[in-house]
Amino acid sequence: MSSDDAIVDEMPGGSEPELAAVPEPGTGGPLAETYEEIEELDVDTPRVAILMGSKSDLPAMEKAEGELTERGIRSETRVMSAHREPDTVAEYAKNARMRGIKVIIAGAGLSAALPGVVAAHTDLPVIGVPLTSRTSVAGGLDALLSISQMPPGVPVGCVGVDNARNAAVLAARILSI
Ligand code: RP5
């Protein structure tokens with residue numbers, strides 16, 4: 001006797017349970033409205049978030065958006081600083097999964113806390129992009145170390161300095177697209 005048989009045998013009366021009929025999407029019924037909402041979400045929802053610590057990061061980070069767009073992957077781009085707007089960053093990261101985001105790319109320069117702070121508030125994969133900026137030390141080594149040296153248990157993937165395009169390619173691979 002298989003384990004499945006055993007479960008059926010234990011049902012009262014020995015017969016299989018009756019399952020409630022679930023209507024197919026688009027066929028009406030009590031769940032029709034919910035199906036429609038889910039389908040609508042699926043059409044418009046960005047799959048990848050591109051975050052950056054400052055508007056000054058945009059020239060480097062827009063390469064990620066370009067790469068994703070070329071691959072037909074929907075994304076949204078937001079500027080938010082882990083140091084200047086910590087509450088905004090925490091709230092965004094906490095809600096990202098619920099909003100349908102699958103991967104977060106976060107670029108920052110100098111002490112570059114943004115990717116790590118985002119990773120502290122979500123279990124979505126986070127790819128950090130260390131950026132050079134006007135007052136960078138050693139050509140962006142400061143940001144590279146900040147992003148790559150995360151404590152055990154809170155990982156951030158880290159691409160090369162100013163290599164936002166690679167972050168987008170990696171995001172596509174994580175999504176298997
Ligand atoms: C970081 O500080 C930002 O990501 C940016 O790379 C750097 C400089 O920011 P701004 O002073 O140009 O706003 O937080």
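Me: In this predicted model, how many of the residues of strand S1 (residues 48-52) are buried?

Reply: The model is a predicted one, and in it the side chains of S1 can be sorted by direction, with Val48, Ile50 and Met52 pointing one way and Ala49 and Leu51 the other way. In a regular strand the side chains alternate between the two faces of the sheet. Residues on either side of S1 are buried, and the strand is mostly covered, the count of buried residues being 5 of 5.

Me: Which strand does S1 join through 5 bridges to residues 75-79, and through which helix does the chain cross to that strand?

Reply: S1 runs parallel to the strand of residues 75-79, which is S2. Within this pairing Val48 has Ser75 as its bridge partner, while Leu51 stands opposite Arg78. The chain leaves S1 and reaches S2 by a right-handed β-α-β crossover, and the helix it passes through, residues 58-70, is H3.

Me: Which residue of strand S3 (residues 103-109) stands opposite Ile50?

Reply: S1 also pairs with S3, in the parallel sense and over 5 bridges. Ile50 is one of the S1 residues that point the way of Val48 and Met52, and the residue opposite Ile50 in S3 is Ile105.

Me: Which strands stand at the edges of the sheet, and why is one side of each left without a neighbour?

Reply: The sheet is open and made of 5 strands with parallel pairing, in the order S2-S1-S3-S4-S5. At the edges a strand has a single partner strand, so one side of it is left without a neighbour in the sheet, and the strands in this position are S2 and S5 (157-158).

Me: In what order do the helices and strands of the chain run from the N terminus on?

Reply: The chain holds 7 helices and 5 strands. Of its 177 residues, 36% count as buried, and residues 24 or more positions apart account for 66% of the contacts with a separation of 6 or more. Written from the N terminus on, the elements run α-α-β-α-β-α-β-α-β-α-β-α.

Me: Against which elements do the buried residues of helix H7 (residues 164-174) pack?

Reply: The buried residues of H7 are Ala164, Ala167, Ala168, Val169, Ala171 and Ala172. An α-helix has 3.6 residues a turn, so residues three or four places apart point the same way. The elements that the buried residues of H7 pack against are S1, H3, S3 and strand S4 (126-131).

Me: Which elements are among those that cover the buried residues of helix H5 (114-121)?

Reply: In H5 the buried residues are Leu114, Pro115, Gly116, Val118 and Ala119. The cover over these buried residues includes S1, H4, S3, S4 and helix H6 (141-148).

Me: How far apart in space are Ala82 and Ala113, C-alpha to C-alpha?

Reply: Ala82 lies in the loop between S2 and helix H4 (86-96), and its relative accessibility of 13% is under the 20% cut-off, so Ala82 counts as buried. Leaving aside neighbours within four places in sequence, Ala82 is in contact with Val89, Ala113, Leu114 and Val117. Ala82 and Ala113 are 31 residues apart in sequence, and their C-alpha distance in space is 6.0 Å.

Me: Ala112 and Ser176 both have a positive phi without being glycine; is each of them buried or exposed?

Reply: Most residues other than glycine have a negative phi, and most peptide bonds are trans. Ala112, in the loop between S3 and H5, has a phi of about 45°, whereas Ser176, in the segment after H7, has a phi near 55°. With a relative accessible area of 3% Ala112 is buried, and with a relative accessible area of 66% Ser176 is exposed.

Me: What is the volume of the largest pocket?

Reply: The largest pocket is lined by 18 residues, and the closest to its centre are Gly53, Ser54, Arg84, Gly109 and Leu110. By class the lining has 6 nonpolar, 9 polar and 3 charged residues. The volume of this pocket is about 360 Å³.

Terms used: Residues are numbered from 1 along each chain as its sequence is written. This is a predicted model: local features need pLDDT of at least 70, side-chain atom pairs count only at pLDDT 80 or more; totals for chains, interfaces and linings use all residues. Side-chain values use heavy atoms; hydrogens and water are left out. On a 1 Å grid over the protein atoms alone, a cavity is a set of points where a 1.4 Å probe fits but cannot get out, and a pocket is an open set with protein on both sides within 12 Å along at least five of seven lines; lining residues have an atom within 4 Å of a point. Grid points are joined across faces, edges and corners, and a volume is the space filled by probe spheres set on the points. Ala, Val, Leu, Ile, Met, Phe, Trp, Tyr, Cys and Pro count as nonpolar, Asp, Glu, Lys and Arg as charged, and the others, Gly among them, as polar. Buried means under 20% relative accessible area, exposed over 50%, partly exposed in between (1.4 Å probe, protein chains only). Helices (H or I, at least four residues) and strands (E, at least two) are DSSP runs, numbered from the N terminus. Two strands pair if DSSP finds at least two bridges between them. A crossover is right-handed if, with the strands pointing away from the viewer, the path from the first strand over the helix to the second runs clockwise. Contact means heavy atoms within 4.5 Å.
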